[in-house]
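Welcome to a short tour of a protein chain. Take a moment to look at the sequence and the fold, and then read on.

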Amino acid sequence: MGKLDKGEIIYKAGYASEFVYIVFSGVVGLFDDESAADYLSRGEIFGIMSIYGGQSRFSAVSMEEVVCYTVEIGEFKKVFDKNTRFADFSLFT
């Protein structure tokens, strides 16, 4: 689990994350060329494009103090690949 201060860049567009992030508290903004594409809060997952080597189309930035659980991408992929119910849930939450 990691704590981020307001305004911290978690990763930039074009980056393949080493982790999948689960928001525990606070708000994370996803930005495409400086405009907001989405805002994520408690329980939402991001960084998932990296499980198959994909790069993010968005930059992720903490909009306030944020606490995220981090799961190493390889460990997340093991669960994702073995459990279709989990994979379906995580893609559509």
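Two residues are said to be in contact when they have heavy atoms within 4.5 Å of each other. Leaving out residues up to four places away in sequence, S62 touches L4, D5, K6, G7, E8, I10 and V27.

A word on what you are looking at. This is a predicted model, in which local features need pLDDT of at least 70 and side-chain atom pairs count only at pLDDT 80 or more, while totals for chains, interfaces and linings use all residues. Residues are numbered from 1 along each chain as its sequence is written, and side-chain values use heavy atoms, with hydrogens and water left out.

**The whole chain**

The protein has two helices and eight strands. Here helices (H or I, at least four residues) and strands (E, at least two) are DSSP runs, numbered from the N terminus. Reading from the N terminus, the order is β-β-β-β-β-β-β-β-α-α.

How does the radius of gyration of the protein agree with that of a compact globule? For 93 residues, such a globule would be near 12 Å, and the protein has 13 Å, so the two agree. The radius is taken over C-alpha atoms, and the globule rule is 2.2 Å times the number of residues to the power 0.38. Along the principal axes, the C-alpha atoms fill a box of roughly 35 × 25 × 20 Å.

Among contacts with a separation of 6 or more, 73% are between residues 24 or more positions apart. As for charge, the protein carries 9 positive and 14 negative side chains, and the centres of the two sets lie 6 Å apart. In this count Lys and Arg are positive and Asp and Glu negative, with His and the chain ends not counted; each charge is placed at NZ of Lys, CZ of Arg, CG of Asp or CD of Glu.

**Buried or exposed?**

A residue is buried under 20% relative accessible area, exposed over 50%, and partly exposed in between (1.4 Å probe, protein chains only). Of the 93 residues, 35% count as buried. Here are some examples.

| Residue | Relative accessible area | Class |
|---|---|---|
| S62 | 1% | buried |
| S59 | 19% | buried |
| E64 | 38% | partly exposed |
| D81 | 39% | partly exposed |
| R85 | 71% | exposed |

**Around strand β7**

S59 is found in strand β7, which covers residues 59–62. Which residues does S59 contact, leaving aside its neighbours within four places in sequence? They are Y11, K12, A13, G29, L30 and F31.

E64 lies in the loop between β7 and β8. Not counting residues up to four places away in sequence, E64 touches L4, D5, K6, G26 and V27. The C-alpha atoms of E64 and V28 are separated by 7.7 Å, although the two residues are 36 residues apart along the chain.

**The helices**

D81 lies in helix α1 (residues 73–82). Its side chain makes a polar contact with the side chain of K77 at 2.6 Å. A polar contact is a pair of N or O atoms within 3.5 Å; within protein, one must be able to donate a hydrogen and the other to accept it, and residues adjacent in sequence count only if both atoms are side-chain atoms.

R85 belongs to helix α2 (residues 84–91). From C-alpha to C-alpha, R85 and G14 are 29 Å apart in space and 71 residues apart in sequence.
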